[in-house]
Amino acid sequence: MLRKMTGFERDSEGDWVVELGCAHRQHVRHKPPFQNHAWVTSDEGRTSRLGQELNCPLCDRLEPPHGLEVYKRTPECTTETIPQGLLRDHTLKSGVWGRIHVLEGQIEYTIPSLGGKMHQSLLQPGNVGIVAPEVPHHIAPIGPVRLFIEFLQRPPTAPSELLSKQ
């Protein structure tokens with residue numbers, strides 16, 4: 001899945017790590033012939049890449065980044081009180097992940113296109129649905145249900161820790 005580059009930082013070894021709009025971080029090294037990223041070697045090169053896209057294989061696997069924190073939770077809802085917006089395709093904003101918790105019953109969780117294929121899963125108590133940022137998805141209750149959704153994001157980073165951020 002392609003994700004926008006939003007900032008850069010160095011790791012403990014001094015290598016450059018790009019922060020993506022999904023909140024994942026990925027090393028970008030210039031080590032030809034296997035990794036040809038000459039742009040990472042200069043401030044101008046890195047700055048020129050902000051807003052451009054880089055493939056994030058972790059998003060393709062619906063793996064949330066480490067270090068996310070719950071910042072919001074919906075009230076519990078039932079088949080009768082599920083917000084209508086959840087029943088049709090919608091997305092979470094950049095950098096925000098979701099976890100769908102089914103407390104009773106079952107729901108069908110659909111992502112129309114994940115890595116070019118439709119992804120469907122049956123969620124029930126004990127089986128959490130992961131929602132990636134900016135990926136269209138919807139749910140459909142199967143009979144009576146009770147559920148809530150948690151929203152997660154990376155805690156704010158001190159400005160001095162990132163080279164640049166958009």
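I began with a side-chain pair: Glu150 and His101 are joined by a polar contact of 2.7 Å. I count a polar contact when N or O atoms lie within 3.5 Å; within protein, one must be able to donate a hydrogen and the other to accept it, and residues adjacent in sequence count only if both atoms are side-chain atoms.

A note on the source: this is a predicted model, where local features need pLDDT of at least 70, side-chain atom pairs count only at pLDDT 80 or more, and totals for chains, interfaces and linings use all residues. Residues are numbered from 1 along each chain as its sequence is written, and side-chain values use heavy atoms, with hydrogens and water left out.

Next I placed Glu150: it belongs to strand β10, residues 138-153 (strands are DSSP runs of E, at least two residues, numbered from the N terminus). Is Glu150 buried or exposed? I found Glu150 buried, at a relative accessible area of 14% (buried is under 20%, exposed over 50%, partly exposed in between, with a 1.4 Å probe and protein chains only). Leaving out residues up to four places away in sequence, Glu150 touches Val70, Lys72, Arg73, Trp97, Gly98, Arg99 and His101 (contact means heavy atoms within 4.5 Å).

Then I turned to the cysteines. My search of the whole structure gave zero disulfides (a disulfide is a pair of cysteine sulfur atoms within 2.5 Å). For Cys56, the nearest cysteine sulfur is that of Cys59, 3.7 Å away. Cys56 is buried at 1% relative accessible area, and Cys77 also counts as buried, at 7%.

Methods. Helices (H or I, at least four residues) and strands (E, at least two) are DSSP runs, numbered from the N terminus.
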